[in-house]
Amino acid sequence: MKDNLIDELRAAYDAQLRGVTPPGGGARIENDGPLTRVVGWHRGFVTGPRDLGVYGAELDALIARQRDFYAARGEAVEWKTRGHDLPADLTDRLTAAGFVAEDSETVLVGRSAELAADPVLPDGVALRRVTARSDLQRIAAMESTVWGEDWSWLADDLSARIENAPENTVVLVAEAGAEVVCAAWLVFKDGIDFAGLWGGSTLKEWRGRGIYRAMVAHRAQLAAARGVPYLYVDASADSAPILTRLGLHAVTTTTPYVWSP
């Protein structure tokens with residue numbers, strides 16, 4: 001029975017979640033054969049259907065064209081692959097073209113109505129929806145601390161998303177006094193049965209207190225209230241076990257292949 005559910009969720013994922021939402025801020029979407037790519041973002045982004053339908057030398061040429069397109073712009077590019085993509089040698093050919101695999105994540109899908117609950121937060125921590133530029137910069141600073149690298153680009157990215165689709169972008173912070181201790185966002189797409197769970201990073205000293213779980217529960221509430229039946233997330237190795245315990249199901253894996261000039 002569970003296998004049937006996962007096949008159903010994976011099929012819905014492939015049918016509805018292979019595109020990309022225009023991030024705004026001057027970024028644009030282009031197509032090249034079966035591929036969709038983002039131009040003018042913080043770095044290039046390429047995605048495609050489960051089966052690209054091109055093979056061998058033709059696939060090599062398609063890959064090289066993306067690499068050379070972004071090279072001419074002086075930009076890095078991420079090619080988003082999934083574990084059940086076809087042709088099966090896609091990732092080998094990306095590697096041969098100079099793309100480097102980053103950490104794999106697990107694609108998890110769950111029913112929003114089953115995940116929805118009133119958020120339970122530690123004493124002194126409050127949840128708030130934010131749109132102000134100053135708050136988005138505070139989120140970027142917190143993410144930079146969590147990941148140990150410069151995430152200042154995130155403030156621009158979230159700001160553009162909010163400006164481009166204010167009703168479809170819900171950015172949340174958990175705050176202890178004036179400190180952002182966790183941030184997460186929920187992204188809707190018009191006409192799609194899925195809402196995306198993104199972010200969810202928590203400062204190290206605040207982990208293990210249920211803040212991440214509260215963020216998921218509240219975002220599920222928002223999705224259920226809007227009549228969106230499914231939530232999905234690309235989960236890290238740290239987050240995947242938590243999300244699985246909360247009731248999401250692993251449907252595939254995703255691995256970014258990145259080329260940098």
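Visitor: What makes the radius of gyration of this protein agree with that of a compact globule?

Guide: The radius of gyration is taken over C-alpha atoms, and the globule rule is 2.2 Å times the number of residues to the power 0.38. For 261 residues a compact globule would come out near 18 Å, and because the protein has 19 Å, the two agree. Along the principal axes, the C-alpha atoms fill a box of roughly 60 × 45 × 30 Å.

Visitor: What kind of model is this, and which residues and atoms count in it?

Guide: This is a predicted model, in which local features need pLDDT of at least 70 and side-chain atom pairs count only at pLDDT 80 or more, while totals for chains, interfaces and linings use all residues. Residues are numbered from 1 along each chain as its sequence is written, and side-chain values use heavy atoms, with hydrogens and water left out.

Visitor: How many helices and strands does the protein have, and what makes a stretch count as one?

Guide: The protein has eight helices and twelve strands, where helices (H or I, at least four residues) and strands (E, at least two) are DSSP runs numbered from the N terminus.

Visitor: Why is H249 called buried?

Guide: A residue is buried if its relative accessible area is under 20%, exposed if over 50%, and partly exposed in between, with a 1.4 Å probe and protein chains only. H249 has a relative accessible area of 19%, and therefore it counts as buried. H249 belongs to strand β12 (residues 249–259). Apart from neighbours within four places in sequence, H249 is in contact, meaning heavy atoms within 4.5 Å, with K2, L5, I6, L9, V107, L108 and V109. Across the protein, buried residues make up 49% of the 261 residues.

Visitor: Why is D60 called partly exposed?

Guide: The relative accessible area of D60 is 32%, so D60 is partly exposed. D60 sits in helix α2 (residues 56–73); counted from C-alpha to C-alpha, D60 and T36 are 17 Å apart in space and 24 residues apart in sequence.

Visitor: What makes T202 and A12 buried?

Guide: T202 has 8% relative accessibility and therefore counts as buried, and A12, with a relative accessible area of 17%, is buried too. T202 is part of strand β10 (residues 194–202), and, leaving aside neighbours within four places in sequence, its contacts are V146, V181, C182, R207 and Y212. A12 is part of helix α1 (residues 2–16), and A12 touches L17 and F194 when residues up to four places away in sequence are not counted.

Visitor: Why is the pair of W79 and F99 called edge-to-face?

Guide: A pair of aromatic rings is described by the distance of the centres and the angle of the planes. Rings of Phe, Tyr and Trp (its six-membered ring) pair if their centres lie within 6.5 Å, and planes under 30 degrees apart count as stacked, over 60 as edge-to-face and the rest as tilted. The ring centres of W79 and F99 are 6.1 Å apart and their planes stand at 90°, so the pair is edge-to-face. This pair links distant parts of the chain, with W79 in strand β4 (residues 77–82) and F99 in the loop between α3 (90–96) and β5 (100–101), 20 residues apart. Both W79 and F99 are buried. The structure holds eight aromatic pairs.

Visitor: Which residues do ring pairs link into a cluster?

Guide: The cluster linked by ring pairs consists of F194, W198, Y230 and Y232. Among them, Y230 lies in strand β11 (residues 230–235), and with 14% relative accessibility Y230 counts as buried.

Visitor: What makes the peptide bond from L86 to P87 cis?

Guide: The omega of the peptide bond from L86 to P87 is near 0°, and the bond is cis. P87 lies in the loop between β4 and α3.
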